[in-house]
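User: Please take a close look at the part where the two chains meet. I would like one connected account of it.

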2 protein chains.
Amino acid sequence: MTEISESMLEMGAKARAAAQILATATPEAKTRALQSAADALLEAQDAILAANASDMEAGREKGLSGAMLDRLMLDAARLQGVAQALREVASQPDPVGAVISEWDRPTGLHIQRVRTPLGVVGVIYESRPNVTADAGALCLKAGNAVILRGGSESFHSSRAIHAALVAGLNAAGLPEDAIQLVQTTDRAAVSDMLRMVAHIDVIVPRGGKGLVGLVQREARVPVFAHLEGICHIYVDASADAEKARRVVVNAKTRRTGICGSAECLLIHRDIVDGLGAQIIADLVAKGVELRAGEGLQHLPGVVPAAPEDFGKEYLDMIIAAAVVEDVEGAMAHIRRYGSQHTDAVIAEDAGVAQRFFAGLDSAILMHNASTQFADGGEFGLGAEIGIATGKMHARGPVGAEQLTSFKYLVRGDGTIRA
Amino acid sequence: MTEISESMLEMGAKARAAAQILATATPEAKTRALQSAADALLEAQDAILAANASDMEAGREKGLSGAMLDRLMLDAARLQGVAQALREVASQPDPVGAVISEWDRPTGLHIQRVRTPLGVVGVIYESRPNVTADAGALCLKAGNAVILRGGSESFHSSRAIHAALVAGLNAAGLPEDAIQLVQTTDRAAVSDMLRMVAHIDVIVPRGGKGLVGLVQREARVPVFAHLEGICHIYVDASADAEKARRVVVNAKTRRTGICGSAECLLIHRDIVDGLGAQIIADLVAKGVELRAGEGLQHLPGVVPAAPEDFGKEYLDMIIAAAVVEDVEGAMAHIRRYGSQHTDAVIAEDAGVAQRFFAGLDSAILMHNASTQFADGGEFGLGAEIGIATGKMHARGPVGAEQLTSFKYLVRGDGTIRA
């Protein structure tokens, strides 16, 4: 066994022990830990910004892109945001111990299904240092211990933020090992985490397709993730023109870099030269590159789509577009090219919306609403650790509640089975 | 691609295609399929019993134990029971499409969380031919396609029962591939199933520790299972004597071969020579071999426990017993030796019961009730495909509802994100 493996197993054992204590921690203690961590974060502002400055310098030397440097960068305002996020998680209801359902049995038994922590969560992320705080806080809220493995680019920033989280745990009398940060940038630590089935109950990767794909391929531990957000928006012949134009433009252009951004527009064949042309003109006017499939290439401002433009996550001011026969055709296209993340239908015909909702199995389906709403905050779940497209356990925005499991509590009065 | 055999991949692809159709099958069609399968089963009674007779003969030649032959054996009464179980699943509420929760957002969005099928379930079982019908029915009820892999001992019986299920599917116009039976007794088919992550969403092993352990070790596909039911029952100093005596005897002796049977009795040190001695005398009088730890070996009729008697699943008229300091001591013992299946506390002190419920993380915790209630039917869940001790997705008795996932349906009115 390598040295790293040994230290990762040690971390795993510490996490398990901390999880045992966290499982019965009071809501008040967890809230206090998060509030104190927010305080500690702001008190340590100078140290955190200095640590971030050294990460930024190293990043520039390594030639990181502007977008990556922007993700890495912290300033006083962003740090305020990180602290505020901690306070928001602190103020959310505590999921642990909540009674999900309860009922009586003819035998006289009273059965409750109550939420329990999952156990130990492993979070593997890239350059955003705020994930250290967000993920640490959400896992703690759900009563889970967490092992955080940040990217090498944000190593010093993450360490400084982690110190504030540990200060919060100390202030609340909770075990320091509840939130551990991997103290090496060696990739071997990631491989170890993916295989530590006895020590980690679920892995949450936060980052680009390269990271998520690696985790999904190699993990023996269950994974909550989405590989890509290839979100489709289908405009039916029954669509209201004004709603359709507003929603499609928002779905593509509000923010192009998020997973809920629309990547493909599907247009009912009967409205290609009417509402379809109008929507495409709107997008082109907004500066969107429109990669048009057959039957749309005569429209002004478009470029012809290549076959590989369908099923592609652009995360940019680009959208693919295709003509479909009807809602069945749209669903066939989405089944073939989608990623089961978020797909939308724009239609006034309730039957069309109903078929779309019943016939597709995306984590999120929208009717007459923008795909950009695919977000835990917008769903009212509070903070989220990510969006999952798998079907096991967690799906859609993963908040504190989805980071829990449950157990049955059964009360009798000397009750025996016949 | 791994070394998965071509025929298993073909089965997997057919299951995926069937699952796609099942996902939108009406509750009526599924009910009709199950009722028709029950009819077909009884109509085919002669053929099924003949198939079973040939399995029984082969089993005797192979020298199967009496217990194994009993599990394998079908007669007219048992076949009636299998048909009745199909009708009961048919009459259960359909979980698919049920709204789990719904709420409105300030943005005007209305969000629903609705149940969807999981997809494709793989069931790997041993000699009981009725599992073919039970597991097939439950998976169908939840809108899942299923690949059944029965033990070689029940090969002909399972094939005959499977034919009745297929007749039911045909009668309801549902795809035959919704319920497929592996047509080979080659163990390689099991290894294939455990690795078919693209084709199977969850594996449910039904059988002894050998089978379940193999599946848990080797599966790349998620698994719903329990390896062992090492159920503990703790009698507190505050226990009501009459309730305690009744419940302990029931927990151990009602049926010893089921996973909810108690395997270890823990006695508060203050009542060893009072209620403790009485309970032990009751068990001994019932013919239970009592393997007593330190502090109990002076009691009449007991034999001394060896260290390996703790944490052992006897599935027989044997129970281990130990003295503990108090409820904390009992919980420490259970954490060390239990299997997170079902554990019970007998106490009148509500605080003791509360600590037991909060401090342990078994799938099922009982207060003043027999561990033998660990059963989907007793929980009111209808039929169960097994009991799971893992913490991901399903836990405790796994009925049709736990064989589902969910998706979010979001309705707006031209709603865009700010």
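Analyst: Two strands are said to pair if DSSP finds at least two bridges between them. With that rule, this predicted model has an open sheet of 10 strands, in the order β1(A)-β2(A)-β16(A)-β13(B)-β12(B)-β7(B)-β8(B)-β11(B)-β9(B)-β10(B). The pairing in this sheet is mixed. Its edge strands are β1 (99-104) of chain A and β10 (303-304) of chain B, and each of them pairs on one side only.

On the chain B side of the sheet, β8 (residues 262-268) and β11 (residues 318-324) of chain B pair in the parallel sense over five bridges.

Now the contacts as a whole. In total, 55 residues of chain A are in contact with 55 residues of chain B. On chain A, the elements that give two or more residues to the side touching chain B are β2 (110-117), α10 (241-253), α13 (350-359), β13 (364-369), α14 (376-379) and β16 (404-415). β16(A) gives the most, with 11 residues. By class, this side of chain A has 22 nonpolar, 18 polar and 15 charged residues.

Note on methods
Residues numbered from 1 in each chain as written. Chains lettered and ligands numbered in written order. Predicted model: local features only at pLDDT ≥ 70, side-chain atom pairs only at ≥ 80, totals over all residues. Contact = placed C-beta atoms within 7 Å. Helix = DSSP H or I, 4+ residues; strand = E, 2+ residues; numbered from the N terminus. Nonpolar A, V, L, I, M, F, W, Y, C, P; charged D, E, K, R; others polar.
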